[in-house]
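Trainee: Please take me through a close look at a single part of this model. I would like to see how the packing is described there, and then what lies around that part.

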Amino acid sequence: MLRGSLKSPWSRRKRKRVLSHRYWNCLFTPEGKLRDGGYKFLKKVRSGGIDPSIRSEVWPFLLGVYDLNSSALERIAVKVQKRKEYENLRLRCCMLANHSYQGNSLLTIDEIFNEVIPQCNEEPESPRSCEDDTSRFSLFMERSHGDRPLYDKTPDSASCNLEEGDDDEDKTGIYHVDTFPVETDSSDSESSVEELQGVAEPDHKLTNIGSLSHDTSIRTVEDFTTWQRIIRLDAIRANAEWVIYSPSQAAVSEEVANQSAEAVQLKDYNHLEPSMIYHAARLVAVLEAYAVYDPEIGYCQGMSDLLSPILTVMDEDHEAFWCFVGFMRKARHNFRLDEVGIRRQLAIVSRIIRSKDAQFYGHLEKLQAEDCFFVYRMVVVLFRRELTFEQTVCLWEVMWADQAAIRAGIGRSAWGRIRLRAPPTDDLLLYAIAACVLQRRKLIIERYSSMDEIMRECNSMAGQLDVWKLLDDAHDLIVTLHDKI
């Protein structure tokens with residue numbers, strides 16, 4: 001198949017304009033439902049990304065916080081419920097922190113929640129710990145912003161043109177899939193690689209309140225204390241690249257910043273600007289809540305890199321948290337202690353390269369680099385260290401659109417009638433990583449003689465990549481290799 005015959009949605013010639021504010025409004029019915037079950041919405045995002053001014057409204061749809069078939073009233077109910085759940089998680093964080101200070105670090109998380117919460121409910125004045133928990137939680141809630149009104153999707157049909165920027169592709173129906181319960185995703189390609197490696201990943205589903213039914217009992221207050229310590233260190237060291245993309249958060253006052261830091265007991269932050277103190281405090285609050293929500297994963301370094309862009313876009317902590325939960329539905333495999341998820345993904349990248357370029361793969365074998373460990377960082381933090389802030393969110397939006405399309409039932413059949421067009425895939429990131437390596441094929445063959453040298457090259461790509469060229473090359477790999485991988 002000639003490369004010139006491929007017309008990917010990400011080529012310069014075919015790439016469409018971003019999802020604009022006007023087009024976004026026109027995608028909704030008077031009841032606030034996405035037209036066509038979200039098909040045109042996902043196609044638009046997939047081919048051009050999203051205007052920065054509406055990202056905070058769009059991301060909850062891409063990340064499964066809101067169902068693609070939900071109405072405006074249903075989303076209001078979800079938002080209220082999700083906020084309550086987040087506040088409950090924050091209260092639990094305060095409770096765990098208090099018991100760690102009292103020397104109860106060997107108690108399990110379940111023991112704290114099952115024994116201490118009833119005490120607080122029945123005898124609120126007797127246990128001193130309950131007063132401390134409530135006081136700290138009240139400070140956290142005072143720090144939180146008030147809710148902005150839910151965006152009213154009642155477009156003026158006379159001013160809408162849903163065909164703006166669209167080509168004459170066949171339409172497809174959407175099968176409704178409830179995306180609100182948080183479960184881990186797995187693709188056929190993932191399963192095949194697990195079988196290839198002979199490693200079976202344990203079955204695990206998150207319960208409605210976020211705890212793992214068979215794992216929380218082994219997590220102790222000491223585990224949470226360790227997560228807290230690492231979270232605070234990472235939060236203080238957060239990158240300031242986000243500042244220019246969120247003027248409102250960048251302009252936060254010193255008083256508000258210090259209140260935020262006090263609410264989450266942040267320390268050693270006096271050297272930071274108010275905007276960075278505020279951002280660090282938000283990182284701590286949301287990451288602690290996630291550690292309680294998903295105690296099997298807890299917290300690992302690198303998760304703050306994934307959360308930071310979400311906090312930049314989402315002004316409300318509870319909204320940012322649930323977007324992060326949606327993101328981690330897939331990315332959580334990167335932070336498993338047994339590294340099964342990472343090894344599985346590296347195996348897929350290796351198979352893509354081997355299938356595309358046997359000669360280059362042979363060179364990697366000679367260097368004992370065929371396991372593609374040199375792209376480890378790209379896999380773990382999803383290109384966050386290699387791309388600029390804007391490039392990162394553009395890539396993630398396209399990736400999320402693919403994953404949302406699969407969850408909504410838009411699979412191969414939706415793109416099957418479109419010649420030479422890649423279907424949505426859960427592994428778009430891995431094809432992009434393989435494309436990135438193949439772009440440096442000649443350099444690696446001619447100049448590098450060890451895996452360490454290749455790794456240094458991969459880790460020094462920051463600011464040098466063209467994200468749309470990367471996606472364009474990934475499209476070529478998906479079209480030609482998706483059935484084989």
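Mentor: Let's start with α2 and α17, where α2 passes α17 in a left-handed crossing. A crossing is left-handed if the near helix is turned anticlockwise from the far one by less than a right angle, and right-handed if clockwise. The model is predicted, so local features need pLDDT of at least 70 and side-chain atom pairs count only at pLDDT 80 or more, while totals for chains, interfaces and linings use all residues. Residues are numbered from 1 along each chain as its sequence is written, and side-chain values use heavy atoms, with hydrogens and water left out.

Now the geometry. Two packed helices are described by the angle between their axes and the distance between the axes. For α2 (residues 39-48) and α17, the angle is about 150° and the axes are 8 Å apart. That makes α2 roughly antiparallel to α17. Axes here are lines fitted to C-alpha atoms, for helices over the stretch in contact, and angles run from 0 to 180 degrees between N-to-C directions. Angles under 35 degrees count as roughly parallel, over 145 as roughly antiparallel, 65 to 115 as roughly perpendicular and the rest as oblique. The helices themselves are DSSP runs (H or I, at least four residues), as strands are (E, at least two), numbered from the N terminus.

In this contact (heavy atoms within 4.5 Å), α2 brings L42, V45 and R46, and they meet E397, V398, A401, D402, A404 and A405 of α17. By class, that contact has 6 nonpolar, no polar and 3 charged residues; Ala, Val, Leu, Ile, Met, Phe, Trp, Tyr, Cys and Pro count as nonpolar, Asp, Glu, Lys and Arg as charged, and the others, Gly among them, as polar.

Look next at E397, which sits in α17 (residues 389-407). E397 has a relative accessible area of 0% and is therefore buried, where buried means under 20%, exposed over 50% and partly exposed in between (1.4 Å probe, protein chains only). The side chain of E397 reaches the backbone nitrogen of I50 at 3.3 Å. Leaving aside residues up to four places away in sequence, E397 touches V45, G49, I50, R55, W59 and L62.

For another pair, turn to α14 and α19. Helix α14 (residues 340-356) packs with α19 (residues 428-439) at an angle of about 50°, with axes 9 Å apart, so the two are oblique to each other. Their crossing is right-handed. On the α14 side are Q345, I348, V349, I352, I353 and K356, which meet L430, Y431, I433, A434, V437 and L438 of α19. This contact has 10 nonpolar, 1 polar and 1 charged residues. Q345 counts as buried because its relative accessibility is 9%; beyond residues up to four places away in sequence, Q345 touches N334, V379 and L430.

M378, in α16 (residues 376-380), also has contacts in this region: not counting residues up to four places away in sequence, they are F383, E386, L429, I433, C436, C458 and M461. M378 is buried at 1%, and its C-alpha atom is 9.1 Å from that of L429, 51 residues apart along the chain.

Terms used. A polar contact is a pair of N or O atoms within 3.5 Å; within protein, one must be able to donate a hydrogen and the other to accept it, and residues adjacent in sequence count only if both atoms are side-chain atoms.
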